[in-house]
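Dear colleague,

I am handing over the structure we spoke about, and I would be grateful if you could look through it with the notes below at hand.

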Amino acid sequence: DSLGDQTAIYTGDYQMSAAVYDTGQDKVLFIFNGASQYGRAIVGTVSGNSISFGTSTVFISSNISYVTATYDPDQGKTAIFFNDNGDSNKQKAVVATVSGTSVSFGTVATLSSADSNIPAKDSTYDTSENKILVSYSKGRFPAARTTEILAATISGTDISFGSETEVLSLTASDIAVQYDANANKSLIIYTNANNSNKIDSRVVSLSGTTVSLGSETNLYNAAGDRTALAYDSTNNKIVAAYRHDSSLFFAVATISGTSVSYGTEVTTGVNFGQSLVNHNFSYNVSANKVLFSGRDDGNSYIQKYVSARVSGTSITMDTPVTYYSETGDSYEACNVYDPDQEKSILFYADGTAGAFKNP
C-alpha cells in the first residue's frame, strides 16, 4: 500500500462523521458536525493520490449527533440521517444533491419524534427495492426504548418513511446494517441487551416499504460492541466486524434465504474503540479487500487501518498500517472507496482539523 498526501478539510472541531461516494458525480461526500455542532457536508474530488474539496455547507443550523448516510444510485442523491439534539433529540433526515463541487439539501424530515439519546444508527441501500433501510435505537435512557428498522424513499429532494419494524425490545448500543446484492437481503447485527450484550443478528427482507426479519442468530457468544459491516461484491459475502475486550474481529457472513451463518472469526490485533458510527468499514474492489480504519485505543490513540481478503467463509488479515501517528489527539475516523479512481479515502480528526490520507 502507499499513502497519498494529507489534506485539511475543516479547521474547526468536529465530532460525528460519515462519508459516501456519489457514483453519478464521481465525488466523495463527507458529512460531519462542525461549528456550533451544526450539520455540514463537503464535496471531495480525488485525483491520483490527492483530494481537493469545495466549501462546507450547513444542512441544519442545530446541534446534531450520531450521523449515518447512504447514497441512492437510482435517484443520484444521498440520504443523511442524524439526531437533532436541538429539537428534543428527534431522529431526522435530509436529502443531499451533489453538483460539481457543491452540495445542496432538501427539506429536513422527521424520522422519529421520540426523544432518543442512544447513539446506535446505520443505513444501507437495497437495490432490489430501490429503498434505503435505516435502523436506529429509539427512546431515552433509562426509560423504555427499542431498536427499530424502516424503509426510506427518496423522491426528488424529499424523503419519506415506511412503518417501523422492531428489531429488539431494548436499545442496541451498537447497530450495523448492510445490503447483500447476491442474496437480495440485508443483514443487521447489534449488541443485544436482552442477551448479555452478545452480538446477535437477523436477516432483513424488504418488499416495497414493508420490512420483515428472519430469526435471531448469534454472531459472537460474549459481550461485544463497535459493530460494522462491509459487502465484498467480488466474493458476494458480507464481512462483520465487532470488538471484544481489546481487539476488533472480522467474520464472514453467508446469507441463505432468511438465515445467516458465520465463518471463524479472525482478530485484527487492534483495539479499534473510538467510533460509534459505522462508516469505518468499506470494500476496496481493486484490491479485493475489506478495509477498516480508526483509532487504536491500545496505542496512544493513533490512527490505523487494517485490510483483509475473503476466501469462501474464511478471511485472511493483513498487518495493520499506521496512517496518523500523532499520539493522544486523534478521535473521529471513517473511510470510503472511490471506484472511479480505485482509491480508499481515510478521514480522521487530528485534534483541530479534519484531514485525510489516501492509500
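Predicted model: local features only at pLDDT ≥ 70, side-chain atom pairs only at ≥ 80, totals over all residues.

Residues are numbered from 1 along each chain as its sequence is written, and side-chain values use heavy atoms, with hydrogens and water left out.

I begin with the cores. A nonpolar core here is a set of buried Ala, Val, Leu, Ile, Met, Phe, Trp, Tyr and Cys residues joined through side-chain atoms within 4.5 Å; buried means under 20% relative accessible area, exposed over 50%, and partly exposed in between, with a 1.4 Å probe and protein chains only. The largest such core has 20 residues, and those with the most contacts inside it are Leu29, Ile31, Phe59, Val67, Ile80, Phe82 and Val103. Among the elements that give two or more residues to this core are strand E2 (17–22), strand E3 (27–33), strand E7 (64–72) and strand E8 (77–84), and E7 gives the most, with 5 residues. Helices (H or I, at least four residues) and strands (E, at least two) are DSSP runs, numbered from the N terminus. A second, separate core of 18 residues includes Ala230, Val239, Phe281 and Val306.

Turning to charged pairs, a search of the whole structure finds 10 salt bridges, each defined as a side-chain nitrogen of Lys or Arg within 4 Å of a carboxyl oxygen of Asp or Glu. In one of them Lys304 pairs with Asp296, the closest N and O atoms being 2.9 Å apart; Lys304 counts as buried because its relative accessibility is 12%, and Asp296 is also buried, with a relative accessible area of 5%. Salt bridges that share partners join Asp84, Asp87, Lys90 and Lys92 into one network. Within it, the side chains of Lys92 and Asp84 meet at 2.9 Å, N to O, and both of these residues are buried. Arg226 forms a salt bridge with Asp225 (3.7 Å, N to O), and Arg226 counts as buried at 19% relative accessibility.

The largest pocket has a volume of about 940 Å³. On a 1 Å grid over the protein atoms alone, a pocket is an open set of points where a 1.4 Å probe fits, with protein on both sides within 12 Å along at least five of seven lines, and lining residues have an atom within 4 Å of a point. The volume is the space filled by probe spheres set on the points, which are joined across faces, edges and corners. This pocket is lined by 32 residues, of which Thr124, Gln178, Tyr231, Tyr283 and Val336 lie nearest its centre. Elements that give two or more residues to the lining include E2, E7 and strand E22 (225–232).

Finally, some backbone details. Asp26, in the loop between E2 and E3, has a positive phi of about 55° although it is not a glycine, and Asp26 is partly exposed, at 34% relative accessible area. Ser300, likewise not a glycine, has a positive phi of about 60° and is partly exposed, with a relative accessible area of 39%.

With best wishes
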